[in-house]
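Okay, thanks for coming, everyone.

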Amino acid sequence: MKSKKQNAANLVELIADLNEEEALRIVKQKLDAGEDAIEILEMSRDALTIVGERFKNGEYFIPELVMAGEIFRKISELVKPKIKKAEIKRLGKVVIGTVQHDIHDLGKDIVKFMLEINGFEVHDLGVDVPPEKFVEAIKKIKPQVVGLSGLLTLAFESMKKTVEAIEKAGLRSKVKIMIGGAQVDEYILKYVGADAYGKNAMEAVELCKKWIGGGK
Amino acid sequence: MKKSPEESYQERIGRIYDAIQLKVPDRVPIYLGFGYFAAKYVGMSVEEAFYDLNKWFLANKKTIMEFKPDMYEGPDFKSGLVMEILGSKIVRWPGHGVSSSHTFQFVEGEYMKADEYDAFLDDPSDYIIRTYLPRVCKTLEPLKNLPPLWLFLYQDTPTALFAVFGNAEISAVLESLLKAGREAKKWVAAGEAFDKEMAELGFPTVGRTLAMAPFDVISAFFRGIRGSMLDIYRQPDKLLEAIEKITQWMIDATVATAKKSKIPRVLIPLHRGSDEFMSPKHFETFYWPSLKKLISGLVNAGLTPFIWFEGTYTTRLEYLTELPKGKVIGFFEKTDMIKAKEILGDIMCIGGGMPVSLLQVGTPQQIRKYAKKLIDKVGEGGGFVMSAGSALDEANPQLLKIWVDFTKQYGKYKR
């Protein structure tokens, strides 16, 4: 019989390799054997960290992130009823949303997912979020970082307006602002007046680590 | 001596085809896809562009006559009323779910469920009419209550069979289709009339025939991005089966549409095959073979594909060398243009590469510098068409003019 440790390594690997059926089978087996639910959840998180690394290294792409998210969701569903209160240590808070007039959520959702598996508490305001909603959220949640997402070129104007609204509310010095989206580049960054832009979800994670800590 | 419109037309289209055939034209041709730029340019709302056919027509005429591209793409003649009548859920258009001053946007969803591949593959037309359309158009919901379409085989009982069209809810659908159809016809006719008038004024269009990569069809319209990405892992065989089926339909339908239009060009905007979306292995399996087959099918039918490689294709350039030489044009958005020229220079005409961000918020100096770099490096030896990396909806008119004028002036080839 395999040792417990080997078994754990095995589960982490199965999830990281996106072997859905086998991973879920082992989770059920562990739960039936009365193993600690929190431990299983932690193993799943370890696996997601590996997924994040592979994404960063260009081994994994969007299908892999979506799949890993699905497996994690299913495991959480199995495990959560057995956990009384999950105490999760978080590195910091990020408020994120797709800016006004843009209803695309894919880029935002991937960034959110990558931030979460890297230990950040993410507050997602959804899509088509007006500047005042960002301001409100910053006041209430007090994040260290605000992420503005947008796919279309019309989002640039909304990003600029959002940064201006944050400035006007006297909150600009309290947060770092990052922007992202398929068409965002250094010209847009300058125009919008944010602190940085990310070309992909990993760059968003690196920015948050740099600003909040938890990085290299 | 002033050129006649006919001469200007020939000169412009000649430039584009020289570039496509990898020859050196008199100067770098310029290709503009304005999107809904013309609305803002003449001071109408984008919402009006979906409702006021004549105003929209004139706005675009003015825009094209002022910027004078060698070839133009669009403008879309999309009717807001048609979408209203159909209760379209898959699109939000200005004033109807998105701001009245910006373009329309798609609402992706899992309109085909994960376990419906078999239904789709076994009887696609039935699936589309009784399952898909009722989901994407509110007005068409009652179609789900039609009997299976194969039942209409039993022609000896027409009275019983066709009574279903007399049901109040189905009758209402048919009436809506009639209304939507009549309105749609006007807008389609306007698009054709527009291109005809512009041709008479000396301006060639790329045409209005559209094709899509088979994977994109599934991903954008049927399964949604998440659904299609999960299918890659959970049911790759079904996904491939659907892709294969769609590929042949796409070739047949596109060739028929292009032939009818008498314009031998096809636009193919690509969405989900870029470096950002999937691994090279998945690209090789789910995206490229069917796309390549589609492109070759169109080329073999005598058509010229104008392919928009959205996103970044820098790691995919080697695949593109498999395409027929001198028969297609590839527009790039974020791809490394120098590398594209290096790898594809002998294979296909290259376009795009001008960042829309610059044309929106840049300075004249930045724009000239960027355009100069493109002309010098990618334009060298011909086979290059100047174009923005994506649609110009939000471009700044002054900056656009500077870019176009600079290209026409600086882009002259020395003979």
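Start with helix α5 of chain A, residues 106-117. It has twelve residues, and from the first C-alpha to the last it reaches 17 Å, close to the 16 Å you'd expect at 1.5 Å a residue. Keep in mind that this is a predicted model.

Just after α5(A), Gly119(A) takes a positive phi of about 95°. In the loop between β1, residues 93-98, and α5 of chain A you'll find His101(A). His101(A) also has a positive phi, about 80°, although it is not a glycine. Is His101(A) buried or exposed? It's buried, because 22 other C-beta atoms lie within 10 Å, and the cut-off for buried is 20 or more.

There's another one like that in chain A. Lys142(A) isn't a glycine either, and its phi is positive at about 55°. You'll see Lys142(A) in the loop between α6, residues 131-141, and β3, residues 145-149. Lys142(A), though, is exposed, with 12 other C-beta atoms within 10 Å.

Okay, zoom out to the domains. Chain A is assigned a domain 1, residues 4-82, and a domain 2, residues 93-212. Their centres, taken over C-alpha atoms, are 29 Å apart. Where they meet, nine residues of domain 1 of chain A contact six residues of domain 2 of chain A. On the domain 1 side, the elements giving two or more residues are α3, residues 37-56, and α4, residues 62-79. The largest share, six residues, comes from α3(A). By class, that domain 1 side splits into four nonpolar, three polar and two charged.

Next, the two chains together. In this interface, 29 residues of chain B are in contact with 20 residues of chain A. On the chain B side, α11 and α16 give two or more residues, and α11(B) supplies the largest share, six residues. The chain B side has 13 nonpolar, eleven polar and five charged residues.

So what does α11(B) pack against? One partner is α4(A): the two helices cross at about 90°, axes 9 Å apart, which means they are roughly perpendicular. From α4(A), the contact uses Ile62(A), Pro63(A), Val66(A), Met67(A) and Glu70(A); from α11(B), it uses Arg226(B), Met229(B), Leu230(B), Ile232(B) and Tyr233(B). That comes to eight nonpolar, no polar and two charged residues.

Last stop, inside chain B. Leu86(B) is in helix α5 of chain B, residues 80-86. Leu86(B) counts as buried because it has 22 C-beta neighbours inside 10 Å. Its C-alpha is 6.6 Å from that of Lys138(B), 52 residues apart along the chain. Leaving aside neighbours within four places in sequence, Leu86(B) contacts Cys137(B), Thr139(B), Leu140(B), Ser176(B) and Ala180(B).

The peptide bond from Gly74(B) to Pro75(B) is cis, with omega near -15°. That's my tour, thanks.

Note on methods: Residues numbered from 1 in each chain as written. Chains lettered and ligands numbered in written order. Predicted model: local features only at pLDDT ≥ 70, side-chain atom pairs only at ≥ 80, totals over all residues. Domains from an automatic or database assignment. Contact = placed C-beta atoms within 7 Å. Helix = DSSP H or I, 4+ residues; strand = E, 2+ residues; numbered from the N terminus. Nonpolar A, V, L, I, M, F, W, Y, C, P; charged D, E, K, R; others polar. Axes fitted to C-alpha atoms, helices over the stretch in contact; angles between N-to-C directions. Parallel < 35°, antiparallel > 145°, perpendicular 65-115°, else oblique. Expected span 1.5 Å × (residues − 1).
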